[in-house]
Amino acid sequence: MTAPFLSILQAIQAYDTIIIHRHQKPDPDAIGSQVGLAELIRHNFPDKRVLTTGYEEPTLSWLAAMDSVSDKDYTGSLVIVTDTANKARIDDERYNNGDCLIKIDHHPNDEPYGEIVWVDTIASSCSEMIAEMAIELGWTMTTKIARLLYAGIVGDTGRFLYPATSSKTFRIASYLLDTGIDAALITRQLDTLSPKLARLMGYILEHLQVDHSGAARIVLSSKILQGFDIRPEEVSLVVGLPGKIDSVDRWMICTEQADGSYRVNLRSKTLTINGIAKEHHGGGHPLASGAKAYSPEEIAAIWAKLKDLR
Ligand code: AMP
């Protein structure tokens, strides 16, 4: 898809209030793209009122805070949603209350919502897309903005590890570094763990079930998480861990939620796993997807598919 930079620019120019959303259970790319875009518009269009909304994940509070957005703010506003493939995953259901809706995302475009849709599935991260747009439109980039976008890129590429990392990713990262950000500090903040999460990592490595096919799984019940004093949301910080083991090719981490269902993080080094995620109330990228399981039987069904994948 050709990037509709001019349509997005015209929409920004046409509205006084712009409200930016992103997905539930945010990760650094969700926050980085959302608040990075907000700061870009604030800096380059000082007359605009720009607001960000969504749940404040405590483990990411070092990156950015959200604004307080009232229902009235949506009247006659432009709403932009970053990093979110489908409407059901948008954080803050008021996203439809504005006058115009724009989707900017790098996941497969299974649900093209909004008047303007810019989806680039080749992009490593939504933050990379926002930085690209800023460069193409000649917007001024500050250190504050570059820090947010760089964190999003580092987060979604696993520190430039995953295959979606391209030469363009490095060109954009280089551009962001040139603003003078402390890249080492950002990477360290993304990579720092609390002692209790470190202990959970030990548990995962100790109890990971690895199949001879290269598939691996771990189930983290509420009881186990309580034993480590860990909230279910914090597990996302250690999802990449099983992939460090050379005999593990693909893996699933099943985390029990407050309602008794399981969030299933699916990851793979080679084989495409988003088909399995789609069959179990989820979706995502070919090598990084999320699903849900509503019973131990559904966990077993996902596990069987992961083992059988060729
Ligand atoms: P996660 O395992 O939650 O870190 O998600 C990995 C990728 O899958 C992310 O790009 C998510 O946007 C996507 N994803 C996770 N859960 C879902 C879901 N329920 N529906 C669609 N996509 C999802």
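Predicted model: local features only at pLDDT ≥ 70, side-chain atom pairs only at ≥ 80, totals over all residues.

Reader: Which residue of S2 is the bridge partner of Thr17?

Author: Strand S1, residues 17-21, is joined to S2 by four bridges, and the two strands run parallel. Thr17 has its bridge partner in S2, and that partner is Arg49.

Reader: Turning to the ligand, how much of what it exposes when taken alone does the protein bury?

Author: An oxygen atom of the ligand is 2.8 Å from an N or O atom in the side chain of Arg89, and for the side chain of Arg267 the distance from an N or O atom to a ligand oxygen is likewise 2.8 Å. Ser289 contributes a backbone N or O atom that lies 3.3 Å from an oxygen atom of the ligand. Taken alone, the ligand exposes 480 Å², and the part of that area buried by the protein is 86%.

Reader: How many residues of the shell around the ligand are polar?

Author: There are 13 residues around the ligand, and those that come nearest are Arg89, His107, Arg263, Asn265 and Arg267. Strands S9 (262-268), S10 (283-284) and S11 (288-293) each supply at least two residues of this shell. By class, the shell holds one nonpolar residue and three charged ones, while the number of polar residues is nine.

Reader: What distance separates the C-alpha atoms of His285 and His106?

Author: His285 has its place in the loop between S10 and S11. Leaving aside neighbours within four places in sequence, His285 is in contact with His106, His107, Pro108, Ile273 and Asn274. Although His285 and His106 are 179 residues apart along the chain, their C-alpha atoms are separated by 8.8 Å.

Reader: Why is one side of S6 and of S10 left without a neighbour in the sheet?

Author: These strands belong to an open sheet of six strands, with mixed pairing and the order S6-S7-S8-S9-S11-S10. Strand S6 (209-210) and S10 stand at its edges, and one side of each is left without a neighbour in the sheet because each has a single partner strand.

Reader: Which residue in S11 does Arg263 stand opposite?

Author: S9 and S11 run antiparallel and are joined by six bridges. Helix H10 (residues 296-308) packs on this sheet, touching S6, S7, strand S8 (250-256), S9 and S11. As for Arg263, the residue standing opposite in S11 is Lys292.

Technical notes:
Residues numbered from 1 in each chain as written. Heavy atoms only, no water. Pairing = 2+ DSSP bridges. Near = heavy atom within 4 Å. Polar contact = N/O pair within 3.5 Å; in protein donor to acceptor, adjacent residues only side chain to side chain. Areas by Shrake-Rupley, 256 points an atom, 1.4 Å probe, with all protein chains shown as cover. Nonpolar A, V, L, I, M, F, W, Y, C, P; charged D, E, K, R; others polar. Contact = heavy atoms within 4.5 Å. Axes fitted to C-alpha atoms, helices over the stretch in contact; angles between N-to-C directions.
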